[in-house]
Amino acid sequence: MSISRICMDGFTGALMAVESFSDGRAVLHGPGGCRNYHNFLSSLCYPRAMPADFKKYSIPYFFGQARMPCTYIDEDNYINGSEGKLDECIPVICGIDDSFDVFINSPGAALIGDNVTDAIERAGFSHKAMAIEESLISQPFSSSYDHTVRSIIEWMVPEKRDAVPRSVNILGLPISSIDWQDAVAELGSILGDMGITVVSTPGAGCSAAGVAASTSAECNVCVCPEYCRGTAEMYEREYGIPTIFSDTGAPVGFDAVQHWARNIAAAMGADPSKVDARVRSARERAFKRIKGSMQARRVRCTRFTAMADSSVVFPLTKWLYDYLCMVPASISVDPGEDSGMVSSLTGFLGGIGLRDAWNSDPAQRVDYMFSDGHTAESRVMLGGCKKGIEVAMPTLYRVNFIPRPVYGINGAMYLLDEIFSGL
């Protein structure tokens, strides 16, 4: 039995990047069939529904749903062009509220060749709407997400400001991460313990006002490089704001969290001692729970598969092996991988004598599967693993009412809770 895993593509990445802005709205320029799943996914990744939405948005192009309106082009538009429909829908969509709108071409609409930017200018909404004219479906989810976030910031043209000492923007944390809002709060708390304030979080709940304020940050700090390489380069080129990257990847697991914080502290001249104390306290709590658990010995030497972004898979794999003595059986990364993370990951696997686990058959039976929620749960249902643990969207089988982020100290505790529960 093989795994036919389909990763989210660049078209979805562009839409989710727009929807990551708290006052931004993706407008899907394409047929209605392209809207349904992406509308659902946007609401799943970043819930913002209000009770009055259905009544307010019961108008053409929205049809009762506040998220991701669609131009609903049809076969006539594919033959004769969609300029007329664009001229009709832009005032309706852009005039309904104060959100800024970003038009994204569906793969089919991109073939028509209509100039959406010109249509926006004709309608008089170039101050609050823009278009991503190119088709991004063939790009990886992560790089398309990064490209779209960067394009929005460049369109907004925030003014350069004087740097505020000990302040940062958090980059590279996509809303496709599990409980990303809790992760933002957790990482912000860690930075706060070092006397560093968070100015803005482009790509993770940032607003237009946040983009304007972002140019006052002293530095950017990266969570996942796959999602912010282009944005980071733009900030440094245009505003002289450098980005601090961690060579251990995203802050997943105690070791990577501590290294992430210490790396930032060293670059900014901050004191990481409070963070060290928090990590030490969490380690002690985890140690006591593990030692008091009947599952402790059952976890040792269990085999696992990991399939996710390279900057998540590297620290996760290393932490599971070093900390819990779990054995990587199949390790692979999603498209758009960071070359440095892949090099470190394969080097680590080779160093422990498990180089064959790299890109090996993910359908082999293992004890644990770390992946997106769909894949993890389907493998459990098919008997491919005993326990599936989601580390990314999309997912349907769980609704989180308590925080379960992947990043930070709370992320490490979430992963431990899943590993030691229900094996």
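1. Helices here are DSSP runs of H or I with at least four residues, strands are runs of E with at least two, and both are numbered from the N terminus. Bear in mind that this is a predicted model, where local features need pLDDT of at least 70, side-chain atom pairs count only at pLDDT 80 or more, and totals for chains, interfaces and linings use all residues. Residues are numbered from 1 along each chain as its sequence is written, and side-chain values use heavy atoms, with hydrogens and water left out.

2. On to the holes. A cavity is a set of points, on a 1 Å grid over the protein atoms alone, where a 1.4 Å probe fits but cannot get out, and its lining residues have an atom within 4 Å of a point. Points are joined across faces, edges and corners, and a volume is the space filled by probe spheres set on them. The count comes to two cavities of 30 Å³ or more.

3. Take the second largest cavity, which holds about 30 Å³ of space. Its lining is Gly10, Phe11, Ala14, Ile104, Asn105, Ile132, Glu134 and Leu136. By class, the lining has five nonpolar, two polar and one charged; here Ala, Val, Leu, Ile, Met, Phe, Trp, Tyr, Cys and Pro count as nonpolar, Asp, Glu, Lys and Arg as charged, and the others, Gly among them, as polar.

4. The largest cavity has a volume of about 50 Å³. Its lining includes Tyr145, Val149, Leu171, Pro202, Tyr227 and Cys228. Eight of its lining residues are nonpolar, three are polar and none is charged.

5. Two of those names come back among the rings. Rings of Phe, Tyr and Trp (its six-membered ring) pair if their centres lie within 6.5 Å, with planes under 30 degrees apart called stacked, over 60 edge-to-face and the rest tilted. The whole structure has 16 aromatic pairs. In one of them, Phe63 and Tyr72 have ring centres 5.3 Å apart and planes at 85°, so they are edge-to-face. Tyr145 and Tyr227 are also edge-to-face, because their planes stand at 85°, with the centres 5.7 Å apart. Tyr145 lies in helix α8 (residues 141–156) and Tyr227 in the loop between β6 (217–222) and α11 (229–239), so this pair ties together parts 82 residues apart in sequence.

6. How open are these rings? Buried means under 20% relative accessible area, exposed over 50% and partly exposed in between (1.4 Å probe, protein chains only). Tyr145 and Tyr227 are both buried. Phe63, at 53%, counts as exposed, and Tyr72, at 26%, as partly exposed.

7. There is also a ring cluster, in which ring pairs link Phe21, Phe100 and Trp155. As for charges, one sits over a ring if NZ of Lys or CZ of Arg is within 6 Å of the ring centre and within 35 degrees of the ring normal. The charged end of Arg48 is over the Tyr46 ring, 4.5 Å from its centre, and Arg229 lies over the face of Phe245 at 4.3 Å.

8. Lastly, two loop residues. Ile137, between β3 (129–132) and α8, is partly exposed at 35%. Setting aside residues up to four places away in sequence, Ile137 touches Asp9, Gly10, Phe11 and Pro107 (contact means heavy atoms within 4.5 Å). Gly249, between β7 (243–244) and α12 (254–268), is buried at 2%. Beyond four places in sequence, Gly249 is in contact with Val223, Trp260, Ser311, Pro315 and Met341.

Notes:
On a 1 Å grid over the protein atoms alone, a cavity is a set of points where a 1.4 Å probe fits but cannot get out, and a pocket is an open set with protein on both sides within 12 Å along at least five of seven lines; lining residues have an atom within 4 Å of a point.
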